[in-house]
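Me: I'd like to go through this model together, one question at a time. Could you take me through how its chains meet?

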Amino acid sequence: MSEALSGLLFDRWPYLLTVVLLLIGLYGMLMKRNLVKKLIGMNIFQGAIILFFIVHAYKHGASVPVHSAVLGDAPEAYMNPIPHGLMLTAIVVSVATTGVALALLTVIYRRFGSIDEGELLRRLRDRE
Amino acid sequence: MDPAQTFESTRPLWAVLVSLLAIPLIVASDRRPNLRETWTLLAAFIKFALVASMLPWVLQGREAVCSIWQISPGIQLALRVDTMGYIFALVASSLWVLTSLYSIGYVRGTNEHKQTRYFASFAMCLSATIGIAFAANLLTFVIFFEILTLATYPLVMHKETPVAMAAGHKYLSYTLPAGLCLVLATAWCVSTVGNVDFIPGGFLTSGVASAATLRWMFLLFILGVGVKAGIMPLHSWLPAAMAAPTPVSALLHAVAVVKAGVFGVLRVTGFVFGPDLLREIGLWTVLAWAAGITFTVASLLAMRQDNLKRRLAYSTVGHLSYIVLGAALFTMTSWTGSLLHLMFHATMKITLFFCAGAIYVRTHKENISDMHGIGRQMPFTMAAFAVGSLGLAGVPGINGFISKWHLAQGSLQADQGVFLGLLLLSGLLNAAYFFPIVYVAFFRTNKEYPAYGEASPLMVVPLSVTAIMSLVLGVAPNLGAHAWDLARAAAAAVMGGSP
Amino acid sequence: MTVPAGSETLAHHGEHMASAFDATAQSQLPMLVLIPLLVGLALVPALGLLRRRLAYPTTLISLLAFLYYSLRTLFAVMAHGELEYSLAAWKPPIGIELSVDMLSAFMVSVIAVIAVLVAIYASVAVRREDPEKEVPYFATMLVMLLGLTGMVLTGDLFNLYVFFEVSALGGYALMAIGHKKAPVAAFRYLIMGTLGASLYLMGVGYLYVVTGSLNMDDVAAIIMHQSSNPAVQVSLILMVIGLGLKMALFPMHLWLPDAYTYASSTSTAIIAPIMTKVSAYVLIRMLFFVYDTETFLRGTPVGAVIMWLAMGGVIVGSIMAIAQKDAKRMLAYSSVAQVAYIGVGIGLGTPLALVGAMLHILNHAIMKSCLFLVTGSVALQTGATQIKDYAGLGRKMPWTFLGFTLAALGMVGIPPTNGFFSKWYLVLGGIREGEWVLVVLILASSLLTAVYFFRVIERIYAKVPEQATNDASLPKTAEAPLRMALPVLILGAGVLVLGLFNAWLVSAVIARALPAGMHVPGL
């Protein structure tokens, strides 16, 4: 096993997980016909990106980013707080989007009695 | 010749704008036809007066310039009254006055629908035409050229019958691609030389680009303006457009639109490329042959038409190519001939169209074979028709002779005897397709006709005036507007030599 | 690949960048542009709950304030150059800054002008379409505008993502108002839009990994010489795909036609002109201001790919538009084609082409909002949605269709309308680069546009209605009320005015919005 691959599998496996999650999410968004499953795919996709940021910010043996006399001034001793902050915002955004999506789904189901994309597209195409 | 003395003046701008400003008034007077027609006539007279008032400047060799504002970085939207532009503006504005009178008689005589749209589009066309005439650079020219394309469209499909709609589509499908060729050529010029102000003798020189590039450019330009000029094989929209009401055919398809095309050819050959460059890249022969073939073939096709307006349309295609030929030959005399024919063909052809319209309004007949004995019913109309057709055939004493004479001499000077031959042949063909009309009108009789009598004076007076103009200019070409002097001055400017 | 920890890079840059940032003019104006929208957003639902009729005046007042500050910002930038405002007084690159250069100021003004005109129109139209939707309509419209304005003003990559999603949320909700089928189209748009924004966020992630910064100027300075870094390249590709999806760049345009067709005309009239344009703006911002143009756009096939895909979009969009029977659907496909012109200019990436692209952002916004507003007026006044039912309406609604005709001529690109000049600059740019195929396609595509617009114009003015009964049921004139007709006419007049004065606009604003080092020949 080459150096790079073992590095990827053992040291950087969270990144690999991110990629797998991204692909699962993409599959759900593009391939699933059930609109709820599409939405779940979207959430997985967003989750993967959040994971990507967090993994990047994580440092072995570092502490919360609150300055303390014990840990001193070395940056290595603290986590990078910015990605965490960003991802809090991203989670809020994701929740808001999901909320709007669910509201739309409710309306769609009430109007058409279906959340199957193929069925809905058929209904969309016929002229009333 | 000294470079022309230039000075600032807004008068050319007003000449363009006056008919544009009349449009809201025309539209607002939708329900009051008399008021509406007053606006049209008023605009026509003011426009003619403005153009006429610039004659002394042109004769003195002073050029009025009016830069409006920048329209693209480094390029002004600008007007400039040079001699050649003035010739075209004079023709269009003077004949608009007559056409306006005639139009009123015509649309009321035939009870046309949507007359407001008709008069508004007409006014728009005239603004565009004067803009084309006075455009000081290529981009300004293109802008007005495209406006003209668009403003003519409602007139071509005015009747809204399937035939008229088809003619409108045909018109657009020829002129819009042509417009794009023109835009591309212009953009190319702007990219190559930056400054695209028209300069007598051409602003392109062989140094700016390779010969192949210049040839492509020339081809694009000719495609762009050649459609309106009816150069074969780009002509077939013109006979189709005869579905329009006759005054439209008269002013637009004998004077404004097609002449704008020919005028474009003159601008491109004389003011963009210039004689030296075109001789160098060797494309003038192509243009000359295209013109020569066009007028020969068009004359032959004209003979086969029974519909009077279609026959006139093919005749127009032919006569436009006379002008193109004169431009391509690039001698002092041939250019003079071209410019004279630009003016004289207008007076003669508009007479013929006016006559066709008058006949149609009175008798609803469009085919020559139905017009037996019409000359006795409508003596003034058919006499005018005779004058126009004799003139176009080149009979001495009528102005057509003078322009053709110059063209013939020009082809000899250019050592192109073959074009002299073609000119003579085409003159004979002209006679062959016009004389039968005059003959059947006066010397055949048809007992079935009721006594029609002349059309309304609103129509007969304009057509008599244009016929008389043709006669007078045939004897004294310098009378009034100094047509002959103007043509020689414009030709001298392009050729760069002494007259 | 080394992954520098963010905090270190940050600390390292914090000091030496601080001095550079002090040089640009600090100003309250960027924030003042946002505040009216924020205040309006709070007041509209509140007052709207009290009395439904209060929603519109509140919206209009806040939009007028928004317009006022946008224009003031534009003039301030014209006079003093770039303006900056540090949120909560945190200095960049640590804090978030609003940074307004000529390009942002120009975009904000476009958004504000369209917003005010559409709001005036909507005051009547929404009430008549569905009075219950009045408050939600204006509230979501403000959400969307807030998001779009924030995207344009911010100088921070992540902040841009947040505003991206804010605008999108407003947009989804707006789109769902309308036809019975609208929510389905809106949901599909939501999935695609979120995917696009997420890909953008992923790109930001990669940039953050490399640079440890989110401030655009800062990131630009750091990645300037890292063209070979695969992470930077990946981030570029992710961003281009994400933004391409949002701006409906062919072949990622499939969500657009349904979304535009089924949304109410008032919604489409505000979404279509500016939503995709702001995504185009972000693409310009990234490709020309963050990534080094020379190495990334020209050194890699990215520019060529964008350009040719966009050109394909122009052709496909136009052909699809010709095939449509529904007026709004035709305009939707036309949007795909017209936005693609912007893509062509971005992909070509020369000064002239970029001027064409930026000018087309404004021009298309004006024309398309005018056209969509007309479809709305027609649907409300006569019930017609199909092109064939437009027959003879030119006489019944003369003013509305005057605006329509002007906008349509602009779309075709007849001089001297504004549409002609955006293509003019694109063509000049193409000729200069020797891209002849592109130039010919740009010109040929305006013929396709002519086909579908002249078909409509002809029906409007010439053909008598096929069903005489339909004609008799309508009064002699069915002109829209003043507040609906006036915005249409103003936009229609804008088509002409912007065309005639384009050289002024280009030299005073757009040429100065180009990235540093780009100059328009002739100026």
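Me: Let's start with chain C and chain A. What area is buried between them?
Reply: Keep in mind that this is a predicted model. The size of an interface is often given as the accessible area lost when the parts come together. Carbon and sulfur atoms give 75% of that area between chain C and chain A, and the total is about 3,800 Å².

Me: Which side chains meet in a salt bridge between chain C and chain A?
Reply: The count between these two chains is one salt bridge. A salt bridge needs a Lys or Arg nitrogen within 4 Å of an Asp or Glu carboxyl oxygen. Here the N to O distance is 2.7 Å, and the pair is C:R188 and A:E117.

Me: Now chain B. How many salt bridges are there between chain C and chain B?
Reply: Here 33 residues of chain C are in contact with 32 residues of chain B. The area buried between them is about 2,800 Å², with 76% from carbon and sulfur atoms. Five residue pairs are in polar contact, but the salt-bridge count is zero.

Me: How many residues on the side of chain C that touches chain B are nonpolar?
Reply: Elements giving two or more residues to that side are α18 (418-433), α19 (436-461), α21 (482-500) and α22 (502-513) of chain C. Among them, α19(C) has the largest share, nine residues. Sorted by kind, four residues are polar and four charged, while the nonpolar ones number 25.

Me: Last one: how far apart are the end C-alpha atoms of helix α11 of chain B?
Reply: This helix covers residues 284-303, and its buried residues include B:W284, B:L287 and B:F295. Among what covers the buried ones are α8 (211-229) and α10 (246-281) of chain B.

Technical notes
Residues numbered from 1 in each chain as written. Chains lettered and ligands numbered in written order. Predicted model: local features only at pLDDT ≥ 70, side-chain atom pairs only at ≥ 80, totals over all residues. Heavy atoms only, no water. Helix = DSSP H or I, 4+ residues; strand = E, 2+ residues; numbered from the N terminus. Expected span 1.5 Å × (residues − 1). Buried < 20%, exposed > 50% of the residue type's maximum accessible area, 1.4 Å probe, protein only. Contact = heavy atoms within 4.5 Å. Buried area = accessible area lost by both parts, 1.4 Å probe. Polar contact = N/O pair within 3.5 Å; in protein donor to acceptor, adjacent residues only side chain to side chain. Nonpolar A, V, L, I, M, F, W, Y, C, P; charged D, E, K, R; others polar.
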